[in-house]
Amino acid sequence: MKLSQEHLTAVWEYIDAHREEIIAMWRDYVNLRSDATVKEKAEVMALRLQKDLEEMGCRCTLTDMGEKNGPAVDAILGEDRPGKPVLFSGHYDVVPLKGDLPFSIDGEQKAHGLGCLDMKGGIVMSLWIAKALTAAGWQERPLRFLYVGDEENGHMWGKTKEYLVEHGGGAVCAFNMETGLVSNAICTGRKGTGQAAITVKGVAAHSGNNFPEGRSAITELVSKLPAIEALTDMEKNTTVAVTTINGGTVTNSIPPVCECIVDLRFGSLSERERVLAALKEICARQTVPDTTTELELREFMAPFDASGRVGELAEFVAGVSRELGLGEMGTVFLGGGSDAGFIQRAGTPVICSIGVQGQFNHSDREYALVESIFRRAKLLSAVVMNISEFEQ
């Protein structure tokens, strides 16, 4: 690395000198409930983010994402600086759980509270990275922040997926500040998730008096199921599972309609394209005459894989960590989705799960390792200061 030791020392000293303020912001963010799909709660968190970002000197915009969904928070610091920005991305909504689950720190220096790990700790970290760099006089390139309020419901009912693809590009790299793993590994791949809703329409007829006139929607759908589930490819982390089926009207009639939901999980963008194309072809085929099949595809999370420069970015970050004595960092593929896939689709190299470290997301056992918010803030500050080496 060609880091300025003066800048590095100043940044790290700033982070250490503001530990109490960092914890205080973390506490405030966790205690502001921002349950997914509860728009009024999400908006309160978005407004707090806007306030804090603007106080840092950012130009900040809130964009409505739909009737049930929290707004997108898009901010930039130093927009007049040269070069491509570094992007920090993620979500500020949380999985709704019963109870208040406020922020606390136990005797083992583990932080608890709804969203402390997933992923308000990562958001807090990104803001204090920017504060530390500013205090140290670093102004080499812009810093961007893109946080959305409906990730935990898969961006249903809104336009966030399209917004992320439209606004996630143009950066030299992105850090999706999702849950950091206790193993210290960097996430370079996640499954994309979605559903296929298949509806077959046949012809109703009395099963005794008019049997020949009937066209069974159930028979037509069942004929398609082996081909649908055969699309699973475990070696490529792709699974296709028929999860619910509903058909027929009464017990003495040939069923005129049958519906099913297919759970889709893709190991890569190419696997997504393969499966979706195959589903369209399967649904276009007809076994029972005079039946029709409708296919509705619903994408929740985009697949994220190590293609492009994702692997290079992970290795670059791991190299900085190694050189600075902050630990070895491997890579991992995770089954759960995140917004890293949409950022990647926008053309920006991105790594995921680079936020605070901990375990047990989406439960009352959720915890984050307090020291990791400081350690990773120092790591990513050093990475940002040296990102021109990755850009070359």
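Trainee: What makes the arrangement E4-E5-E19-E18-E8 an open sheet, and what sense does its pairing have?

Mentor: In this predicted model, 5 strands follow one another in that order and their pairing is mixed, where a strand is a DSSP run of E with at least two residues, a helix is a run of H or I with at least four, and both are numbered from the N terminus. Strand E4 (104–105) and strand E8 (180–181) stand at the edges with a single partner strand each, so one side of each has no neighbour in the sheet. Residues are numbered from 1 along each chain as its sequence is written. Local features need pLDDT of at least 70 and side-chain atom pairs pLDDT 80 or more, while totals for chains, interfaces and linings use all residues, and side-chain values use heavy atoms, without hydrogens or water.

Trainee: Why are E12 and E15 called edge strands?

Mentor: They belong to an open, antiparallel sheet of 4 strands in the order E12-E14-E10-E15. Strand E12 (239–247) and strand E15 (292–301) each have a single partner strand, so each is left with one side that has no neighbour in the sheet. From one strand to the next, the twist averages 15°. Helix H6 (residues 217–229) packs on this sheet, touching strand E10 (192–201), E12, E14 and E15, and its direction makes about 170° with that of E12. The partner of E12 is strand E14 (residues 257–266), to which 8 bridges join it in the antiparallel sense, with Val 240 standing opposite Leu 264 in E14.

Trainee: What makes the contact between Glu 220 and Lys 224 a salt bridge?

Mentor: A salt bridge needs a side-chain nitrogen of Lys or Arg within 4 Å of a carboxyl oxygen of Asp or Glu, and because the closest N and O atoms of Glu 220 and Lys 224 are 3.0 Å apart, the pair meets that cut-off. Both residues lie in H6, 4 residues apart, or about one turn of the helix.

Trainee: How do you know whether Glu 220 and Lys 224 are buried or exposed?

Mentor: Buried means under 20% relative accessible area, exposed over 50% and partly exposed in between (1.4 Å probe, protein chains only). Glu 220, at 0%, is therefore buried, and Lys 224, at 4%, is therefore buried as well.

Trainee: What class does each of Lys 110 and Glu 108 fall into?

Mentor: Their side chains meet in a salt bridge at 3.5 Å, N to O. Lys 110, with 22%, is partly exposed, whereas Glu 108, with 59%, counts as exposed.

Trainee: Why are the buried residues of helix H5 said to lie on the same side?

Mentor: In H5 (residues 160–167), the buried residues are Thr 160, Lys 161, Tyr 163 and Leu 164. They cover an arc of only 165° around the axis, which puts them on the same side of H5, the arc being that of the directions from the helix axis to the C-beta atoms. They pack against strand E1 (59–63), strand E2 (70–77), strand E6 (143–149), E15 and helix H9 (340–345).

Trainee: What makes strand E7 (residues 173–176) a strand covered on both faces?

Mentor: Cys 173 and Phe 175 on one side, and Ala 174 and Asn 176 on the other, are all buried. E7 pairs in the parallel sense with strand E3 (residues 86–91) over 4 bridges, and 3 bridges join E7, again parallel, to strand E17 (residues 350–352). Asn 176 is the bridge partner of Ser 89 and stands opposite Cys 352 in E17.

Definitions and conventions. Two strands pair if DSSP finds at least two bridges between them. Axes are lines fitted to C-alpha atoms, for helices over the stretch in contact, and angles run from 0 to 180 degrees between N-to-C directions. Contact means heavy atoms within 4.5 Å.
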